[in-house]
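Hi everyone, thanks for coming. Have a look at the structure on the screen, and I'll talk you through a few bits of it.

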Amino acid sequence: ESSVNTLESNWHDPGDNEQAVSDLEAELVSRNIPRLPKSILRTLRDPQDVGNQSVHFDISDMSGSAAHRGLLSLQCALTLSKHHLSIVNEAWPMLLDVIFALRDINALPPQLAELDDFADSSGVPLPMSAFANRSNQRVKEYMESIAPQDKSDKAGFLSSFLRFGQSSTRQDGEGAGNSTQKLLPLSQTLQKVTNGAQLDKIITKTKDIFVAKRSLFAMLGSVFPDGDDQEVTSDPLFEHNSVFVLELAARFLISNRVHAAELYPIFLHKFQQLILPRSTETSSSSSENVVLGLKFPYIIERIVVTILRACIHLFDVPETCLRDQLNRSLNLIATLPSSYTSALSDRIGCGAAIILRGCFYLFEDNTDDWSTIKSLLDLAAQDKAGRSFVFDGIASVIDSIDFAMPSADGSGNNNEVQLSQCGVEVMASILLKYMNGSYEDDLSFKVPSMMYIKKVYSLFHQNSSDETLTDNGSANNNSRLHENEFETMVN
């Protein structure tokens, strides 16, 4: 503390910082704390060294020496966390709280703060769901409610960061973004701290599976407490922070796909806790099945997105147990109430279509894989928002079937059918529903679905012929099915 105080008091006279830094290093060594990185030591010795990503700020924006020490402590702590993540244990909840706070004042790097989501075929992000809009509105109202409106000249440590002593009323026609920037004069300074500490590198690859599991348990433990902890979930920012830490956990999983078979069960266990109905006692001493996670629908939405993203990125990992875990998590989506899944049909349809297009050749004749993807495609097609994604996904597979896999001679085209018999039946059954208007009497896909049914029928006949040649040595002309027989089979 003495060393930090000396550094703070000599901020404008860095020549006197050398001894204070040496004292700080000695104190760290005496407490068996790892040495600070050289880049941090250079910054402490000479805060005006721009080339070393030091932190600069206007002293007029600061009130009291606590703000100086706060920035210095934050920079040191974040950098230590990045360089020595393997020994971060009890500090994980506090580290996440700091990340949450930095996000709330727009001080995180954009690539770390944003939530990944699906987009349409043109690259336009899908519109925010009603659950996301309600969650964001609650956060906005809460943040406005805690922002003091008095114009007192007195200011302490927090007010120096958030400028609580100033009015938040817009003036001169300024937009909300400009108003927020005025409320948070040190957002840019804090963002320099996080950039200098490379905070986004915390969510990265690691060769240590023990560290990976411990980090993941810490993150998912913050998504939702075990049981129904009213004290934690009553926080107005609980849902807002939970979806963000779930995003960090998802990125951590995808970055460490080499350990995915050991890490994904941690996700599945948490997802099952929140999605599977559980029996609870009611006031009338009876019991009813309740989906715990639906108390916070935006969290469930992000869980659905996380499941779909995990399957997109990990379905090709050659681990049978992981494939089973991914299918089980996809089946969880279908257990959600239809009133809920209809609001997410665009995301479910988009994600399922991407999985189908990118992984259909991996399904082969695995009935579990095809059964799972069929139920997901059918679920998304029930609602108009997801129907076009499902149809486009099926059409894309059929159109590109000859080019899905390289041929044995290395050329890009392969004339052999790559879609399995089970896959043909699944796609045909869904296309027939489009043709017959089974989804909300929607006949807008009738003509294109008929065209693709003919193509699927051709694939089915080619499959049948190939199998007959293999079994009997010659083609059986009686193996051709008529359209009504084909429809009977797939239904």
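Quick definition first: helices (H or I, at least four residues) and strands (E, at least two) are DSSP runs, numbered from the N terminus. By that count, the protein chain has 23 helices and two strands. Now, this is a predicted model, where local features need pLDDT of at least 70, side-chain atom pairs count only at pLDDT 80 or more, and totals for chains, interfaces and linings use all residues. Residues are numbered from 1 along each chain as its sequence is written, and side-chain values use heavy atoms, with hydrogens and water left out.

How much of the chain is buried? Of its 491 residues, 46% are, where buried means under 20% relative accessible area, with a 1.4 Å probe and protein chains only.

Glutamate 301 counts as buried because its relative accessibility is 2%. Leaving out residues up to four places away in sequence, glutamate 301 touches Ser129, Phe131, Ala132, Tyr340, Leu344 and Arg347; a contact means heavy atoms within 4.5 Å.

Next, a pair of helices. The axes of H16 (residues 320-334) and H19 (residues 367-381) come within 10 Å and cross at roughly 25°. Those axes are lines fitted to C-alpha atoms over the stretch in contact, with angles from 0 to 180 degrees between N-to-C directions. So H16 and H19 are roughly parallel to each other, a label for angles under 35 degrees. On the H16 side, the contact includes Arg323 and Leu330, and on the H19 side, Asp369 and Leu376 are among the residues.

Key:
Buried < 20%, exposed > 50% of the residue type's maximum accessible area, 1.4 Å probe, protein only. Parallel < 35°, antiparallel > 145°, perpendicular 65-115°, else oblique.
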